[in-house]
Amino acid sequence: MDMMFQFVAMTLKLSIPLVLGAMCGTIAERGGIILLGVEGLMLIGAFSGVLGSYLTGNAYMGLLLSMAAGAVLGLLYAMFCLKLRAHQSVVGVGVNMFASGLTAVLLKVFWQREGMTDPVVSVKNVSVPGLKDIPVLRVLFHDQSPYLYLTFLIVLGVWFVFYRTKAGLRYRAIGEQPFAAQTSGINVNRYRYVAMAAAGMIAGIGGSFLSLSQNNLFVVDMVAGRGFMGLAANIFGGWSPLGSLGAGMIFAVAQSARFYLPDIHIPTQFVQMLPYALTLFILLFVGKKAKGPEALGQLVS
Amino acid sequence: MYAIDMRNITKRFPGVLANDQVNLQVEEKQIHCLLGENGCGKSTLMNILFGLHQPDGGELYIRERKTRISNPNDAYQLGIGMVHQHFMLVNQMTVLENIILGNECGSFLLDRKSSRQKVLALVTEFGFKLNLDDRVADLSVGMKQRVEIVKTLYRGADIIILDEPTAVLTPQEVSELFKILKQLQKEGRTIIFITHKLNETMELSNQVTVLRKGQKVATVNTKDTTPEELASLMVGRSVEHVVSERKQTDGEVVLKIEELMVNSKAVHPVNLALRAGEILGIAGVEGNGQQELEELLVGTMAVKNGKLFLSGQDITRLPVAKRKKLGIGYIPADRHKNAMISSFSVAENYLLGFEHDACYHHRGFVKRKQLKADAHRLIEEFTVKAAGIDHPIGTLSGGNQQKVILGREVSHNPVLVIAAQPIRGLDIGAIEYVHKTLLRLKAEGKAILLISAELSEIMNLSDRIAVFYEGEISAQFPNGAYNKEEIGLFMAGKKAGGEQA
Amino acid sequence: MKTRLKSFAGDLGSSLFSILIALAIGALIILAIGENPAEAYQALFKGALGSSQSFANTLSKMIPLAFTGLAVALGQRGGMLNIGAEGQLYAGAMATTLFALTFPGLPAIVMVPMCLITGFLAGMLAGAIPGYFKAKHNTSEVIVAIMLNYLITLFTSWLVNGPFKAPGSVSQTNPIPAGAMLTKIWGNSQLTTALFLLILFAAVQYLFLWKSAKGFQLRAVGGNRFASISAGIKADRMMILTMMLSGGIAAMAGSTEVMGKYGCFIDGFSPSFGFTGIAVAILGRNHPIGVLLTAFLFGVLDTGALRMGRVTNVSANIIVVVQSLVILLVSAPEIIKFFKRTKEG
């Protein structure tokens, strides 16, 4: 039983970057922008987090900086896609490379060495008093990062905006049929810019979790594919907030299972392949719903 | 009072004057039809009214007040709504969501309850049979259109424009639509109805404005006019260009179309035969099945019902390349999409489709020398004005592009030439050249299928004419049996033999 | 012919322009972090071209980039974006290694071609999957390829850490027999006959695309799919063929690294050759000559960056930044037009 508890707790921890990465993709792509650059956005967030903590001695300032950096990068991303009408997939590849290179360069600048930074003040795990003793559910409240609660809030927040507000209805329409939205008098690109800033910010948060909470330093390329896995989770979850949450959790199960597997002798690589294989399966063999918003990649004049 | 008063509206697009000093006055609480053939400018004019285009000249008065309409929001503020020919609906969303999009109740939060009440009130008031929670993707075409109409009403439109609404409807859906429109009129709304169909105009409208080639030809009261008069106004008198000497031919049957169901609107199949040395003109307003006919013959659309024979051989199941090899030359209606590759050079466009032909192909490689020689010869023969055969074809004018395509398709000894809208977008000189070429091909014994929305072109060149309406042949006769006005009637739905379609 | 050369030269000119802009921005970043751009770039070029050995090493570094560049370029000519080059090169590398290890006794004259062929076939298979689903179901070849990249990379990682692991602590296979290795052609450097193979592939790609009938059809589908269909070309077959060829060529990047540089399969040996190949292809205007030139330039940047990182305070990763800026600049044709206009206006 105790092992089960540890397992679930680990899964929750590992799901955070995946869910946030997936949310980033959900937000961007529901508005019609193809987003391959999650990896890069998260990496910038991870570095900004550590930088902020290093400069101010306060981990939460790092979180704020990562949100700001992510938002700015999200806006630039949007500008490339919307104003300059760039090939969106290529922009994604470019942003990923840019983030990888820039963070490594800045690392050398601030810490005078290559590879990884010194440890910084990090975000400590918490145990919510009172709630941490409830049977079963205590796994959510015992020794978890505050980022976990932030993640739930973000998922709820996005869900709320998408399905309970006017702006959300209009934004979802933009991703399906931007011309219909346009003739209904909606300023398509303005909504997309705002959304990309939010998506970038969320990716920044996801990245800073890796550097400020799960660890307490920045290592070159530390996102290590979790951004792409988040993208896969978004696809697997059907481009929706709750779907991203669920898919992120499922993929995290695969990841945490690694630690409990030596007993079952399944190589770790196969477990890691599972999310991608599942997503590929969905993409290739499940019906039209798996294709995503109808107008992905479409620009309006 | 005029609900709408458009004065001297002019609108230019690259290469074409879409609206030429058009005056349109629409009285309140009328159903006013805007009638004309494709390309006459009616959609452009209404898009200006709805704020999707800005006029280059002229003035707009709505309810006798001068205004500018810069975007659809402005139009809606003025009470103008539009139902487009190609629906502007979000397929994955519900009926309710589509109707309220952009004008939802609530300030930040979406107030679904109030929105739903408002919409329900509208829907029941007009007796529309709509389920607000259906996904639009699951609806029939007629119901989708109804959603579009309710959307304009929900936004408070009392001037409603409909652009060719019946193009996609079944006859039952058409009569239901008319019932709705007449009721809307009774409730005080003004309706503008764009169409090319005479029967609808006669049945529905109070007044008709006829446009032709970007200009307004006339405005008449429907009860004071006849279909014949309207038809003649629509097609008008035209300048005679190249005229062919018509004769009955008894050459071999080159193309035989047997029991072909052209599209889903057609009830009866098409049967046609085309002989060598003959030009068969397919007349009709665009959108009546000609595009499908083109694709079925060439092979880019699969034949589901019917058979096709080329020189006696059954080609129904043959792929495009094999049909081409048997001798079909194809000049598509949409040359940019289907006939040429803009970024490729003129020479390479001459090669397109013939890269495995013996004349250009040797052991897997392209015989460049031969291609170059042919390209030079062809641009001279067809007087193509191009900087050189290695320049991208996209830099040539429309007329010259068409000459390249024409040259390519006819220089490999086709037995059948399918020419669809061959003079679209061409200047006078190019038009003359294309027509001369078609007549030369006829003299050489080729069979030519000429599909055109330009009635004068059909009448100048064809030996026989078949008129397409809603996927069927409404009339088939030797050229000369009917005059322009009568053919115009066939194009607008009258069936040979007197019944209205 | 002259017109084609002229317009190609013009295209290359704007590519050069993008590179210069990217280098300029890189210089600005170097300045911003308090270092001397002139010193940094000088160290870079010395490191890449300063001696005949470094020149040879630059050429050696260029080879995998050129292969992936050729692969992506061919894909683009056919209208497809092959983001799967990374996975395809791992597939090729692994297939080559496994073949060599399985048949150690083969004489070099059979072994070398067979290793290459095996690698090519593995790449073709990897490329066929996104190609097929794009052609028949219009599924995004980009997403499918990204998923495949991970699957292939993880699978080969398992192979090299599991059943085929060499004794010792490093994640690599046993060395392949000497008969499978490519011959070194430049003294102390890492440059091998892979260079000739590259040039051969580039030449064949050129001849195929611009001189053969099938190649014409491939380009036609990439130029206008509908017009190709109306002209009788089987567009979906062409699209699958495009991705298969592209995959095979990308695989050569992996196979030649194994056979030329490492002599075995090393876990994670590719520093994003596949993704950099996209930049190389776009910058090289999807033309074999442009690809070779651009790959050489990137080879210079990569080799030189190592020295720059050693002798100055600027991290070698500034080159990654420059390369990414190049990608971003070239992805948005509007930018170049903007600069051209301000230059003229």
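Student: What should helix 2 (residues 38-56) of chain A span at 1.5 Å a residue, and how far apart are its end C-alpha atoms?
Tutor: The expected span is 1.5 Å times one less than the number of residues. Helix 2 of chain A has 19 residues and should therefore span 27 Å, and its end C-alpha atoms are 27 Å apart, which agrees. Helices here are DSSP runs of H or I with at least four residues, strands are runs of E with at least two, and both are numbered from the N terminus. This is a predicted model, where local features need pLDDT of at least 70, side-chain atom pairs count only at pLDDT 80 or more, and totals for chains, interfaces and linings use all residues. Residues are numbered from 1 along each chain as its sequence is written, while chains are lettered from A and ligands numbered from 1 in the order in which they are written.

Student: How many residues of helix 2 of chain A are buried?
Tutor: A residue is buried if 20 or more other C-beta atoms, placed from the backbone, lie within 10 Å of its own, exposed if 12 or fewer, and partly exposed in between. In helix 2 of chain A, 16 of the 19 residues are buried, so the helix is largely enclosed by the rest of the structure. Just after this helix, G57(A) takes a positive phi of about 75 degrees.

Student: Is K6(C) buried or exposed?
Tutor: K6(C) is exposed, because 11 other C-beta atoms lie within 10 Å. This residue belongs to helix 1 (residues 2-32) of chain C. Its C-alpha atom is separated by 22 Å from that of L329(C), 323 residues apart along the chain.

Student: What pLDDT does chain A average?
Tutor: pLDDT is the predictor's confidence in each residue, from 0 to 100. Where it is low, the predicted coordinates should not be read in detail. Chain A averages 88, and 95% of the residues score at least 70.

Student: How many residues does the contact take from chain C and from chain A?
Tutor: Two residues are in contact if their C-beta atoms, placed from the backbone, lie within 7 Å. Here 35 residues come from chain C and 35 from chain A. Helix 6 (141-161) of chain C is among the elements that give two or more residues to the chain C side, and this helix gives the most, with eleven. For classes, Ala, Val, Leu, Ile, Met, Phe, Trp, Tyr, Cys and Pro count as nonpolar, Asp, Glu, Lys and Arg as charged, and the others, Gly among them, as polar. The chain C side has 26 nonpolar, eight polar and one charged residues.

Student: Which helix of chain B gives the most to the side that touches chain A?
Tutor: In that contact, 18 residues of chain B meet 16 residues of chain A. Helix 2 (residues 72-77) of chain B gives the most, with three residues.

Student: What is the strand order in the open sheet of four strands in chain B?
Tutor: Strands of a sheet pair through backbone hydrogen bonds, either parallel or antiparallel. Two strands count as paired if DSSP finds at least two bridges between them. The order in chain B is 12-11-14-15, with antiparallel pairing. Strand 12 (270-275) and strand 15 (313-314) are the edge strands, each pairing on one side only. Strand 11 (residues 253-260) of chain B pairs with strand 12 over five bridges, and V253(B) has R275(B) as its bridge partner in strand 12.
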